[in-house]
Amino acid sequence: MTRYVMAIDLRRCVGCQTCTAACKNANATPPGVQWRRVLDLETGEFPDVRRSFMPVACMHCDEPPCEEVCPTSATTKRPDGLVAIDYDVCIGCANCVMACPYEARSIVDEVRFAYGDKPIKSEEVRFDPARVSVATKCTFCIDRIDLAAKTGQVPGRDPEVTPACVNSCISGAMSFGDIDDPESKVSKLLAETEHFRMHEDLGTGPGVYYIWDKK
Amino acid sequence: MKAKTFKAGGGASPRLQQNWDWRAASNFICGGAGGGLLFAAALLSLAGTNVRALLVAGMALIGIGLTCVWLEIGRPLRAMNVYRHIKTSWMTREALVAPVVFGLGALAFLTNSVIATVLAGLAGAAFVYSQARILNADKGIPAWRHPACRPLVFATGLAEGAGLLAVAAPWIGLGVASRTGLVAGVLLLLLVRVLAWRAYVRALRSSGAPTGSLRALAAIDQRVVVGGALAPALLLGVGILGFPGSVVAIAAAGVLAVAAGWLLKYTLIRRAAFTQGLELKHQPVRGRGVSGPAARPGWGGAG
């Protein structure tokens with residue numbers, strides 16, 4: 001079996017938001033919608049304060065609550081672990097938005113571009129009218145993953161079939177791959193580090209691992 | 001150089017949901033009350049009272065609620081897709097119960113059959129239950145997913161239905177026995193609702209929830225308890241004594257019972273519906289070589 005996951009090394013993330021920009025460029029999300037964003041957290045009290053950065057997006061859960069509540073079956077869990085949305089089936093009821101504990105989903109009801117009424121080049125190429133008034137979210141760059149099946153390339157190793165955010169990360173904080181393959185980069189990385197998954201207690205089985213220390 | 005300022009929580013704090021507005025709230029408000037009214041009317045029909053007008057009112061309320069939610073969805077022309085996921089989706093199940101409610105309600109109206117009326121009442125209760133489960137399944141909203149939310153939403157739907165029956169009391173010509181039964185039923189449901197409300201708020205506080213949710217719920221506590229239980233109970237007490245005009249007191253109690261339920265549900269859907277927020281369970285180990293405390297901004301209570 002294949003189970004694609006993402007590992008994010010919080011020790012390496014510098015909060016540069018390059019992944020956010022790369023995602024926007026790759027997916028042409030409208031203004032105000034960020035499938036991937038980086039939280040900027042200040043904690044503690046002076047003089048013992050810390051600043052941490054935490055990239056967040058759809059967690060592609062093992063037990064996606066969005067899939068459970070979706071009344072249309074537009075949201076599905078694929079055998080390879082990706083949670084996908086069929087834009088032609090979704091009715092935009094927002095039940096999945098309420099069900100997602102990661103605030104990963106958005107619905108935008110009007111066509112919006114970054115600079116006024118006219119799309120910029122990347123938006124021109126990637127604008128998809130099917131995404132208006134339906135739920136959208138990070139897809140783990142699903143087209144690239146599907147391309148891998150045709151080309152024989154390996155997601156997480158070959159950039160052409162790896163999510164844009166992972167490719168763009170300047171500090172190498174983000175890794176992607178098949179956790180069921182013990183030889184994949186993510187499997188090895190997770191084996192040698194301390195990590196957690198967000199809101200695990202909710203039983204969602206998120207597919208994004210946050211690395212916070214060495215073992 | 002100007003110092004950079006940081007927002008508390010850095011985008012991780014729970015925020016009030018913005019996707020379900022008054023139209024979605026109306027579905028829970030009208031649909032819950034309508035389903036509850038059908039159930040209450042079914043019980044009343046067992047005493048031989050003609051409840052056809054109440055059946056129409058119950059179905060109309062459910063219809064209004066569903067119309068509101070239809071106006072809210074992004075792709076209304078695809079609305080029939082809502083029937084595609086009965087396996088796990090309570091929204092699909094709610095949508096499936098609706099035609100059953102209308103079918104049985106219409107049959108009961110046309111035939112005046114007690115059996116059809118009772119079945120319509122049960123379908124109305126099932127509709128209310130489905131709505132409670134819809135909210136409960138939404139894991140992203142801690143105030144909804146709490147197990148104590150389900151009995152509260154179900155109880156308030158039934159209490160609102162009984163309240164609407166009380167509002168209609170002056171027009172449905174109740175005998176002494178029916179009137180006593182109505183008052184007892186409304187009182188019982190108000191008691192159940194206020195207990196469910198208090199249990200819900202207490203449980204939410206003890207398990208922890210976004211502070212915004214706790215604040216929004218605390219803001220209506222007095223109105224739910226006093227306006228939605230104590231005051232109507234007093235009016236029902238006056239009503240049962242049989243003074244002239246006592247039926248007006250029963251109707252007034254019904255108005256209060258319904259108003260409190262609608263306030264409760266509007267608050268639950270629109271004002272207390274804060275998202276889970278995001279959490280940093282472990283601070284990354286950098287520099288000094290130690291991890292810092294976990295960060296979960298915007299949460300209150302004991303959790």
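User: What makes β1 and β10 of chain A paired strands?

Analyst: This is a predicted model, and in it 4 bridges join β1(A), residues 4–9, to β10(A). Two strands pair if DSSP finds at least two bridges between them. The count here is 4, so β1(A) and β10(A) are paired. The two strands run parallel.

User: Which residue of β10(A) is the bridge partner of A:Asp9?

Analyst: A:Ile211 is the bridge partner of A:Asp9.

User: Which sheet do these strands belong to, and in what order do its strands lie?

Analyst: The sheet is open and has 4 strands, in the order β8-β1-β10-β9 of chain A. Its pairing is mixed. From one strand to the next, the twist averages 35°.

User: Why are β8 and β9 of chain A called edge strands?

Analyst: Each of them pairs on one side only. β8(A) covers residues 174–178 and β9(A) covers 193–196.

User: How do you know that chain A touches chain B?

Analyst: Contact requires C-beta atoms within 7 Å. By that test, 42 residues of chain A are in contact with 41 residues of chain B. Several elements of chain A each supply at least two residues to this side, among them β3 (48–56), α2 (65–69) and β10 (208–214). β2(A) gives the most, with 7 residues.

User: What classes of residue make up the side of chain A that touches chain B?

Analyst: That side has 24 nonpolar, 9 polar and 9 charged residues.

User: Now chain B. How many helices and strands does chain B have?

Analyst: Chain B has 9 helices and 2 strands. From the N terminus on, the order is α-α-α-α-α-α-α-β-α-α-β. The C-alpha atoms fill a box of roughly 80 × 45 × 30 Å along the principal axes.

User: How does the reach of α6 in chain B compare with the span expected?

Analyst: Helix α6(B), residues 149–168, has 20 residues.

User: Why is α6(B) said to be largely enclosed by the rest of the structure?

Analyst: A residue is buried if 20 or more other C-beta atoms lie within 10 Å of its own. In α6(B), 19 of the 20 residues are buried, so the helix is largely enclosed. Across the 303 residues of chain B, buried residues make up 54%.

User: How far apart in sequence are the residues that contacts join in chain B?

Analyst: Take contacts between residues at least 6 apart in sequence: 76% of them join residues at least 24 apart.

Definitions and conventions:
Residues are numbered from 1 along each chain as its sequence is written. Chains are lettered from A and ligands numbered from 1 in the order in which they are written. This is a predicted model: local features need pLDDT of at least 70, side-chain atom pairs count only at pLDDT 80 or more; totals for chains, interfaces and linings use all residues. The expected span of a helix is 1.5 Å times one less than its number of residues. A residue is buried if 20 or more other C-beta atoms lie within 10 Å of its own, exposed if 12 or fewer, and partly exposed in between; C-beta atoms are placed from the backbone. Two residues are in contact if their C-beta atoms, placed from the backbone, lie within 7 Å. Ala, Val, Leu, Ile, Met, Phe, Trp, Tyr, Cys and Pro count as nonpolar, Asp, Glu, Lys and Arg as charged, and the others, Gly among them, as polar. Axes are lines fitted to C-alpha atoms, for helices over the stretch in contact, and angles run from 0 to 180 degrees between N-to-C directions.
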